[in-house]
Amino acid sequence: MNILSALIQASIWGGSSSASVSPSSLFEISDWINNTDRPNFKVGMHGGKHDVMPHRPQRVRSLGNWRSKADVYNATGAYVDVAQSTPLYGAVGGAEVQLTLATGNSASVAFDATQVKGAGNEIDVSNAVIGFVFRGILNTNLYVGTFNIQLFDTGSPAAVPASYLQSNSTGFEMQNWSTNEGVTEGRAQRLGIDINQFTMTGTVDKTKIKWGRVNLGASGGTITIAPLGIDVVQRASTKGRVSFSFDDGGYSQYTFLAPLFQRYGMRATAYLSPLATILGTTNANYQTVQQVINLLERFSWQIGSQGFTTEAATILGWTNDQLMAEGNKLRAMHAALGVWGGIDGSYFGGVNHGKVGVYDALFRRHFRTMRSFRNGRAFAAGAMTPIGETLPFGDPSIIRAFNFSSGYATGDAYTMWKGLVDQAIANKGVAFFAGHSEFTSTASTLYPDLVNLLSYCEQQVAAGNLECNTVGELVSLVNTYA
């Protein structure tokens, strides 16, 4: 019996952690933890997320919803009403409108006239995050060539005015953050954009927005998308936020990074994974159980969740019972260690946000947030992203983080990272970073850039422009709107 089995056994059954204890005829703890051919036990006492704060934002208003072709202004042959029978994701009325665009084609998806706001019912977006809600059906993660949102304070879809607000978004941005599993599995998601990341043409009163539309175009192949609506939610913060996260439980995260971060008044979220093979082992590359506890107790890091048994794509073939059990094991581990934060998760090395076949049984039921990350050098224009993460999160099940290790050169990395922080300060959003084993000592290639970034963040905190938060703290902000 390894130390993790012993800890969980002692925690759940309140007695000795010796192997002679027989906890129940339902299952044997040591088998449950270690035996890969028995992954389908359900441990409801530690599963689920019923006892945590909700992760969906408050104060959401809608500019309108597309439920059928009748809700779309001037719906052409590119639109079709499709029966939606998936129990979890079924649209209102059991159907939804879907738009298919061949490469080179585009469309402006606007609301029918009945959804244009009248006088006195306009929406104030001057301090808001604008969200396009949709389901990716076909190739939205590959061939979206154009994507932007336009907002209007006058006119209508039949009489489009010359003045408008337009998001600084691109088709590539949607490709990066879109789930795309087809009609039976693709989930409704929201791509949030702060109002400061909109450019004004002409003169628009941001306090009196009447209607909006989404412009989409296909490039390189055919796309099919189900547009669901445009939401408006007020910002949850009056300053910028920076959130650091590190995966895999590397030993140097405790011995090197945690003290370094504390020197600058910073902390992070640790996504340890896969727990069954790293935690409590004698492998010097990973943290011990006590070090994980100290990471929370001594350095105030949040202990988040990633995989328990594996991060590999093999879980895509697991049954729902097996997936539920995987999440329950994570819950039990956190209860055994007495650490908080495991309700916030990260996608796996072999299962990113685009693979939602396991979303319901594992990710949705066991986590209130899910972090994903992308290459920080994806955009050639010099910015890490034209639209950064917002607060509330654009979609709490796809938190948009950027990789610390993405082909940066010394000096260049700091410039890019600082730009993401400056963007968060300007938009009252979040600069979210994801790391792995990039920083193990002062000899690490990007160590000087990291020190410069931490120093800059410290300066901005002192100036009242920025705060460093774990994921759990950001969720608390969304729930309280502090």
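A cavity is a set of points, on a 1 Å grid over the protein atoms alone, where a 1.4 Å probe fits but cannot get out, and lining residues have an atom within 4 Å of a point; grid points are joined across faces, edges and corners, and a volume is the space filled by probe spheres set on the points. The views below show a predicted model, in which local features need pLDDT of at least 70 and side-chain atom pairs count only at pLDDT 80 or more, while totals for chains, interfaces and linings use all residues. Residues are numbered from 1 along each chain as its sequence is written, and side-chain values use heavy atoms, with hydrogens and water left out.

View 1. The chain has 11 helices and 19 strands, where helices (H or I, at least four residues) and strands (E, at least two) are DSSP runs numbered from the N terminus. Of its 482 residues, 57% are buried, a word that stands for under 20% relative accessible area with a 1.4 Å probe and protein chains only.

View 2. By class the lining of the largest cavity divides into 4 nonpolar, 6 polar and 2 charged residues, where Ala, Val, Leu, Ile, Met, Phe, Trp, Tyr, Cys and Pro count as nonpolar, Asp, Glu, Lys and Arg as charged, and the others, Gly among them, as polar.

**View 3. The second largest cavity and the surroundings of Arg 400.** About 40 Å³ of space lies in the second largest cavity, which is lined by Trp 177, Gln 189, Arg 190, Leu 191, Gly 192, Gly 394, Asp 395, Ile 398 and Arg 400. Strand E8 (residues 189-194) gives the most to this lining, with 4 residues, and the lining of the second largest cavity has 3 nonpolar, 3 polar and 3 charged residues. Arg 400 has its place in strand E17 (residues 399-403) and counts as buried because its relative accessibility is 3%. Leaving aside neighbours within four places in sequence, the residues in contact with Arg 400 include Glu 173, Trp 177, Ser 372, Glu 389 and Phe 432.

**View 4. Cys 457 and Cys 468, two cysteines in no disulfide.** The structure holds 0 disulfides, a disulfide being a pair of cysteine sulfur atoms within 2.5 Å. For Cys 457, the nearest cysteine sulfur is that of Cys 468, 7.3 Å away, and the nearest cysteine sulfur to Cys 468 is in turn that of Cys 457. Cys 457 counts as buried because its relative accessibility is 0%, and Cys 468 is buried as well, at 4% relative accessibility.

**View 5. Helix H8 and what covers its buried residues.** Helix H8 (residues 359-366) is mostly covered, with 6 of its 8 residues buried, namely Tyr 359, Asp 360, Ala 361, Leu 362, Phe 363 and His 366. Helix H7 (320-337) and strand E16 (369-374) are among the elements that cover these buried residues of H8.

Note on methods
1 Å grid on protein atoms, 1.4 Å probe; cavity = no way out; pocket = protein on both sides within 12 Å on 5 of 7 lines; lining within 4 Å. Buried < 20%, exposed > 50% of the residue type's maximum accessible area, 1.4 Å probe, protein only. Contact = heavy atoms within 4.5 Å.
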